[in-house]
Amino acid sequence: MTRRLGVRPFLLALLAKEPAHGYELKQALEQTFGSAYPSPNIGQIYVTLGRLEKDGLVRAVDVEQSNRPNKKVYYLTAAGREALDDWVDEPTEGPRVRDEFFMKLVLAPMTGIADRMALINRQRRHYLSLMRDLNELAERTDPDNQVALLLIEGAMLHLQADLDWLERCQEDLS
């Protein structure tokens, strides 16, 4: 599987639990992660399922429904299970060494197109705004949804580390 996976591994994981149709998969993502991880729209889910089917990772079966159009129920194939196992076994990317903001911080003042402190202050304001948004999201999240709360907390801890790093940049580069 490639690095830019989108929702592919999430759908494979949900299908490893049980066969489902697209709308059920969307609901499962929303119930599991709440609003902490915005669920893809239904169109994106069906496009992704189509690609997964084309790649042989899932298969679809038409299921007849009384008084409604048939629905496609998707099943994980052996190749899909193998791809899912590979995804689970592969370490997730760690710290980013090629940070876009740091490149701006070094190159913009060097070329005279921006002031280093102005860049740091703008980035700090952006991170603080994101932190406020995450705090509000945490307050709106169902306290029983531990998965969503952990996801939000992880994002907040990453942001705090970024804010601490900005302080270090300001101290060392001024």
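This is a predicted model: local features need pLDDT of at least 70, side-chain atom pairs count only at pLDDT 80 or more; totals for chains, interfaces and linings use all residues.
1. Strand 1, residues 58-65, and strand 2, residues 68-76, run antiparallel and are joined by seven bridges. Within this pairing, Val 61 has Val 73 of strand 2 as its bridge partner. Two residues lie between the strands of this hairpin, and Asn 67 adopts a positive phi near 65°.

2. The largest nonpolar core comprises 17 residues, and those with the most contacts inside it are Phe 101, Leu 105, Ile 120, Leu 134 and Ile 152. Two or more residues of this core are given by each of helix 5 (100-111), helix 6 (116-140) and helix 7 (146-173), with helix 7 supplying the largest share, seven residues. Another core, of 16 residues, lies apart from this one and includes Leu 15, Ala 20, Tyr 74 and Ala 83.

3. The axes of helix 5 and helix 6 come within 9 Å and cross at roughly 155°; because angles over 145 degrees count as roughly antiparallel, helix 5 is roughly antiparallel to helix 6. The crossing of helix 5 past helix 6 is right-handed. On the helix 5 side the contact is made by Phe 101, Lys 104, Leu 105, Val 106, Ala 108 and Pro 109, and on the helix 6 side by Arg 116, Leu 119, Ile 120 and Gln 123.

4. Leu 105 deserves a separate look, as a residue listed among those with the most contacts inside the largest core and also as part of the contact between helix 5 and helix 6. Leaving aside residues up to four places away in sequence, Leu 105 touches Arg 116, Leu 119, Ile 120, Cys 169 and Leu 173.

How values were computed:
Residues are numbered from 1 along each chain as its sequence is written. Side-chain values use heavy atoms; hydrogens and water are left out. Two strands pair if DSSP finds at least two bridges between them. Helices (H or I, at least four residues) and strands (E, at least two) are DSSP runs, numbered from the N terminus. A nonpolar core is a set of buried Ala, Val, Leu, Ile, Met, Phe, Trp, Tyr and Cys residues joined through side-chain atoms within 4.5 Å. Buried means under 20% relative accessible area, exposed over 50%, partly exposed in between (1.4 Å probe, protein chains only). Contact means heavy atoms within 4.5 Å. Axes are lines fitted to C-alpha atoms, for helices over the stretch in contact, and angles run from 0 to 180 degrees between N-to-C directions. Angles under 35 degrees count as roughly parallel, over 145 as roughly antiparallel, 65 to 115 as roughly perpendicular and the rest as oblique. A crossing is left-handed if the near helix is turned anticlockwise from the far one by less than a right angle, and right-handed if clockwise.
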